[in-house]
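Here are some notes for you to read alongside the coordinates.

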Amino acid sequence: MGLLSKKDTKLITDPLTDNNPITIQVLGICSALAITAELKASLVMGIAVLFVLGVGNVVISLMRNIIPSKIRIIVQLVVVAALVIVVDQVLKAYAFELSKTLSVFIGLIITNCIIMGRFEAFALANGPWRSFLDGIGNALGYAVILIIVGFFRELLGSGTLFGFPVLGDPIEQTGVYASGYENNGFMLMPPMALIIVGLIIWVQRSRNRDLIED
Amino acid sequence: MGLKSNLHSLKEKYSGTKMAPAFNALHTFLYTPNETTHNGSHIRVVDDLKRTMNTVILALVPCLIYGMFNAGYQYHVALGEIVRADGFLGASFWTWDNLVVGIWQVLPLVIVSYGVGLLIEFIFAVIKGHEVEEGYLVTGMLVPLIVPVDIPLWMLAVAVAFGVIIGKEVFGGTGMNILNPALTIRAFLFFAYPTWMSGDKVWVHGAVERSQEIANGANLDAISGETILGSYAQNQAVVYDYWDMFWGLIPGSVGETSKFLIIFGALFLIFTKVGSWRIILSTLLGALAMGLIFNGVIDAGWIGESSKFYGLMSVPFWQHLIIGSILFGAVFMATDPVTASQTNKGKWIYGFLIGFLSIMIRVFNPAYPEGVFLAILLMNVFAPTIDHYVIQGNVKRRMKRLKVKTA
């Protein structure tokens, strides 16, 4: 363990498993429901949040001693908003189709509770390096859940992964469609994302009973 | 205790004769085990859970048998092989041919429904270490009755698995569920595979395959099996008269077509005190009220004939009760003792809103001509809230009375 101390490693691995922002803290649910119908969108959303949270945590941590505590929320919002606009413009410039799919939800990263939560709970009280790791860890934890949900929703709802028809062509009736299989339209609706997140929470808590709260 | 003691004395009277086993069997079926239920919301019923369930199943059997005949009848009528039956006892309805087709189509639905559902119940019983609950008995019977006859079996299996796990087991199993599991299964099917749950091709056996063959160039007549609600929603003329609707000689989900047999089942449930007459009655009243409002709107001339709502809005209010599955929903779904309101006043409110919303969804959203299941699921969610306010209201009134007395 040359690069990271044990304590620092925990900053990254904890949010991936036992302190996952979505399944344990139940934050950032709105975007997890809204944009996970396609795996690609989930992945890009994950990367966007990774960038915003990683950089944002460092910026806030650097400024932590000069932010007056009365207006800290406003300062945090300014930082997030600036970073989100960068992400939005980059997407519009290099991946216009995708930015149309994600539409308003990139802008809504500003209101993602995970980001404000990490600023408040971690970056305001820790140094830049540790804050950076914490931001990366939490964003990865968020992205992992998004990708799992996106994987199942796209596979079962559209029969594709990243847009590739892995299950065959539903119109030409090839692949599994030849035997009468049909795409599950319910998977494309947000309620199903909620149910999949619920199932992930169920699996996680039944594997690790310490996580069950009364 | 009328029925029970009568049956018991009959059993004594005939003991030792040839008829004894028949009475014994009936007695055992209805009244054994002679225990009351100790947990879940069924604790409110004095009878054993299994007996409650058996009663509902008995009430459903006529609908199932009728559904089998009807599946075959609709198929043969659509092919032009037989003439339309005239009335409930029409000669072309109760035929062997119809039954064979019906059994061939409907029995697999029943088997899949029970097989998958009980398997999951069994797995959960093993994991959780409790005995297998009978909770699935009624659901398993309801499910084949509320799906189109041609639904692919694997879809039904997926939906049953979803309904039992997400609708029931995650909440703690039988008696703990918020939503009616049978309707959860139907809702899943409806949103997951809408092409198999609505339209004019799914209600009559063979219509889908036939339309595909025609699309491939076969020289056949298309089968049109539009339901009455579907026809109204598209402002088309309806070819069935009121008696057809009442007796059930119409296309529709397997068990919901015969209003006559549903009323028969309803009387049985009310007589045995398994189904709540308050919920059934208030649901029908709610439906009539909404129908009257729509008729009023039409009479006032606010909605013209060109409107897409005109067809369904202009249906005479009483007729809403014999088209679609409002009656089936009111009798067998809304009265589910687990998911309905528990207080008497709450039952009136709960039922009334189900009927009211059913007709509203039916008319305003032509994409969901069958609004009954959505309305019941919605009110399932609100049932505990209704009960809460009814109980709080009682508490307040009694507190006031107490204050007046003591003051």
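Is A:Leu16 buried, partly exposed or exposed? A:Leu16 is partly exposed, because 17 other C-beta atoms lie within 10 Å, and a buried residue would need 20 or more. Please keep in mind that this is a predicted model.

1. **Where A:Leu16 sits.** This leucine belongs to helix α1 of chain A. Setting aside neighbours within four places in sequence, A:Leu16 is in contact with A:Gly137, A:Leu140, A:Gly141 and A:Val144.

2. **The α1–α8 pair in chain A.** Helix α1 (residues 6–16) and helix α8 (residues 128–158) of chain A pack with their axes 7 Å apart, at an angle of about 20°. Angles under 35 degrees count as roughly parallel, so α1(A) and α8(A) are roughly parallel to each other. Their crossing is right-handed.

3. **Who makes that contact.** From α1(A) come A:Asp8, A:Leu11, A:Ile12, A:Asp14, A:Pro15 and A:Leu16. The α8(A) side includes A:Arg130, A:Leu133, A:Asp134, A:Ile136 and A:Asn138, along with A:Gly137, A:Leu140, A:Gly141 and A:Val144. Sorted by class, the contact of α1(A) with α8(A) has eight nonpolar, three polar and four charged residues.

4. **Helix α13 of chain B.** This helix has 24 residues (277–300), and at 1.5 Å a residue it should span 34 Å. The end C-alpha atoms of α13(B) are 34 Å apart, which agrees with that expectation. After α13(B) comes B:Gly301, which has a positive phi, near 80°.

5. **The buried side of α13(B).** The buried residues are B:Arg278, B:Ile279, B:Ile280, B:Ser282, B:Thr283, B:Leu284, B:Gly286, B:Ala287, B:Met290, B:Gly291 and B:Phe294. As a reminder when you look at the spacing in that list, an α-helix has 3.6 residues a turn, so residues three or four places apart point the same way. Among the elements covering the buried residues of α13(B) are α12 (259–271), α14 (310–313), α15 (326–333) and α16 (344–364) of chain B.

6. **Where the chains meet.** Seven residues of chain B are in contact with seven residues of chain A. Helix α7 (residues 181–192) of chain B supplies the largest share of the chain B side, three residues. By class, that side has seven nonpolar residues, with no polar and no charged ones.

Definitions and conventions:
Residues are numbered from 1 along each chain as its sequence is written. Chains are lettered from A and ligands numbered from 1 in the order in which they are written. This is a predicted model: local features need pLDDT of at least 70, side-chain atom pairs count only at pLDDT 80 or more; totals for chains, interfaces and linings use all residues. Helices (H or I, at least four residues) and strands (E, at least two) are DSSP runs, numbered from the N terminus. The expected span of a helix is 1.5 Å times one less than its number of residues. A residue is buried if 20 or more other C-beta atoms lie within 10 Å of its own, exposed if 12 or fewer, and partly exposed in between; C-beta atoms are placed from the backbone. Two residues are in contact if their C-beta atoms, placed from the backbone, lie within 7 Å. Ala, Val, Leu, Ile, Met, Phe, Trp, Tyr, Cys and Pro count as nonpolar, Asp, Glu, Lys and Arg as charged, and the others, Gly among them, as polar. Axes are lines fitted to C-alpha atoms, for helices over the stretch in contact, and angles run from 0 to 180 degrees between N-to-C directions. Angles under 35 degrees count as roughly parallel, over 145 as roughly antiparallel, 65 to 115 as roughly perpendicular and the rest as oblique. A crossing is left-handed if the near helix is turned anticlockwise from the far one by less than a right angle, and right-handed if clockwise.
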